[in-house]
Amino acid sequence: MTARDPRDELVEHLPAMRAFALSLTRNGAQADDLVQDTVVKAWTNFDKFKPGTNLRAWLFTILRNTFYSGRRKAQREVPDVDGVFTASLAEKPAHDGRLQMNDFLRAFAKLPDEQREALALVGASGFSYEEAADMCGVAIGTIKSRANRARVRLSELLGLGDENALEMTDEATVAVLASNGGQHL
């Protein structure tokens, strides 16, 4: 006599599984979902079931573990039935920074060599105007003028208004330029 395929016996255990799920969840819809999740897990893992052992106990163990795993997961989640919390969340797309950096690099490449040099030294590398002037062999006023003209031109090329003027000495800009390895500078 050949043993029955355990998949054929699964349906026989559904009422008992639903009753057990209902005792755990105390909610009919959640119990039905739990039984469905259990059946899916059992079906996909039937290769792990040992024929000749207690199928009902195996199914109930899967159901119980699924229930408690769901509870542990729910404890880490924020309840948001109406979607109010979710609606308040926003994440800036990761590509925005790369796109803005590409725009900046294209605009930066359009500046005259002397202006790029002044911004690279004063803005990105953090040298003082005096140090940059010494390195370039020009007067301090010349470096200040070149850096200022470069900022104005970059603002024009990038379409920035007075309210979001380009400030090359802020930490974020310096960090971006430094992480870029000074390429295109």
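**Note on the predicted model**

1. The protein chain has an average pLDDT of 82, and 81% of its residues score at least 70; pLDDT is the predictor's confidence in each residue, from 0 to 100. This is a predicted model, in which local features need pLDDT of at least 70 and side-chain atom pairs count only at pLDDT 80 or more, while totals for chains, interfaces and linings use all residues. Residues are numbered from 1 along each chain as its sequence is written, and side-chain values use heavy atoms, with hydrogens and water left out.

2. Among the elements of the protein chain, helix 3 has the highest mean pLDDT (95), and helix 10 (residues 171-179) the lowest (54). Helices are DSSP runs (H or I, at least four residues), numbered from the N terminus. Where pLDDT is low, the predicted coordinates should not be read in detail.

3. Helix 2 (residues 14-25) and helix 4 cross at roughly 25 degrees, and their axes come within 11 Å. Axes are lines fitted to C-alpha atoms, for helices over the stretch in contact, and angles run from 0 to 180 degrees between N-to-C directions. Helix 2 is therefore roughly parallel to helix 4 (angles under 35 degrees count as roughly parallel, over 145 as roughly antiparallel, 65 to 115 as roughly perpendicular and the rest as oblique).

4. Helix 7 (residues 113-124) packs against helix 8 (residues 129-136) at an angle of about 135 degrees, and the axes are 9 Å apart. The two helices, helix 7 and helix 8, are therefore oblique to each other.
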